[in-house]
Amino acid sequence: MTHSTVSIDAGDVTLAGTLVVPDAPKAAVIFVHGSGPMDRDENSKGAKLNIFNALADALADIGVASLRYDKRGVGASGGDFKRMRQADLMADLSACIAWMQAQGLEPIYLCGHSEGTALAPAVAGQANVAGLVLLCPYLRSGPDLLRWQAQNAQADVAGLTGIAGFLAKLVTRIFGGPVQVQEKLISRVLNSRSDFVWLAGRRIAARWLRDFLTADVAAIHRANERPTFVLAAGRDCQCPPSDAQMIAEMNPQAQMLQISDLSHLLRATTETGFLDYKRQLSQPMDPRVATAVCGWLAAQLQDKPHLRT
């Protein structure tokens, strides 16, 4: 098995990534990040998820190659993260698919997490992709998804007690609660054409967010007819588990699994909300995720010959 640092020409930028190739690979997986400035392991400042590297190791054990890469403007990849659009992310993914094909690593599966579950099927519709793995997907519109997240955050704030509760409630009196702030953000972005907007003293990159808010995610999922594994997290407070069920029902070739005590961070939890995230980040990804993904993919590949490298 080899682990290589690779560079991928994505037109206006060069993407940096890690290619893992086991002996006699049967297939290849390209990972597609969630939102935010994520590196190849799906880590960002203050949130070390270490999801894609953990999955890459598990996939190698069943003979599946993988590519994971830093988003444009993040880590060792070129570009300006704050000025990117969803179209840039999809173009980067398309470049990675073409690059893997040039290495002779096929069939290719895309594994998306969170926002990546919308980008992966959108790009797959225009490329030679054998199937999809969707971890914590969403179906509803961008505005409705942000509203749902804000309602969960507001419930967290309402449940706080002591000094933490006092300070949180003081901030909401000054700036508004999570639901009110989210509505202001949605309105400000959709009613602006600028690259940035200001909200509560923060300068927010608006190009990507505007695309996210206007994307027709339901249409993307309706068009997907590829073999697809849908994994829902029962305690997800960012992407509703009920959306995953509806996505799976749209596609006769989809298989769904819900892990009832799993969070959006793909960690086990007994809590529903954001307040447990700090504790969860001290734990590794729940091994049931890799077991489920590898089990589904192994079943897909039972009758496929090994690739030449």
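1. Let's start with a word we'll need: a residue is buried when its relative accessible area is under 20%, exposed when it is over 50%, and partly exposed in between, using a 1.4 Å probe and protein chains only. Asp-211 counts as buried, at 13% relative accessibility.

2. Before going on, note that this is a predicted model, where local features need pLDDT of at least 70, side-chain atom pairs count only at pLDDT 80 or more, and totals for chains, interfaces and linings use all residues. Residues are numbered from 1 along each chain as its sequence is written, and side-chain values use heavy atoms, with hydrogens and water left out.

3. Now the salt bridges (a side-chain nitrogen of Lys or Arg within 4 Å of a carboxyl oxygen of Asp or Glu). Searching the whole structure turns up 14 of them.

4. Back to Asp-211: its salt-bridge partner is Arg-85, with the closest N and O atoms 2.7 Å apart. Asp-211 sits in helix H7 (residues 207–214) and Arg-85 in the loop between S6 and H2, so this pair ties together parts 126 residues apart in sequence. Helices (H or I, at least four residues) and strands (E, at least two) are DSSP runs, numbered from the N terminus. Arg-85 itself is partly exposed, at 37% relative accessible area.

5. Have a look at Arg-83 and Asp-195 too, whose side chains form a salt bridge (2.7 Å, N to O). These two are 112 residues apart and link distant parts of the chain. Arg-83 is partly exposed at 36%, and Asp-195 is partly exposed at 26%.

6. Finally, Arg-279 pairs with Asp-276 in a salt bridge, at 2.8 Å between the closest N and O atoms. Here Asp-276 is buried at 11%, while Arg-279 is partly exposed at 39%.
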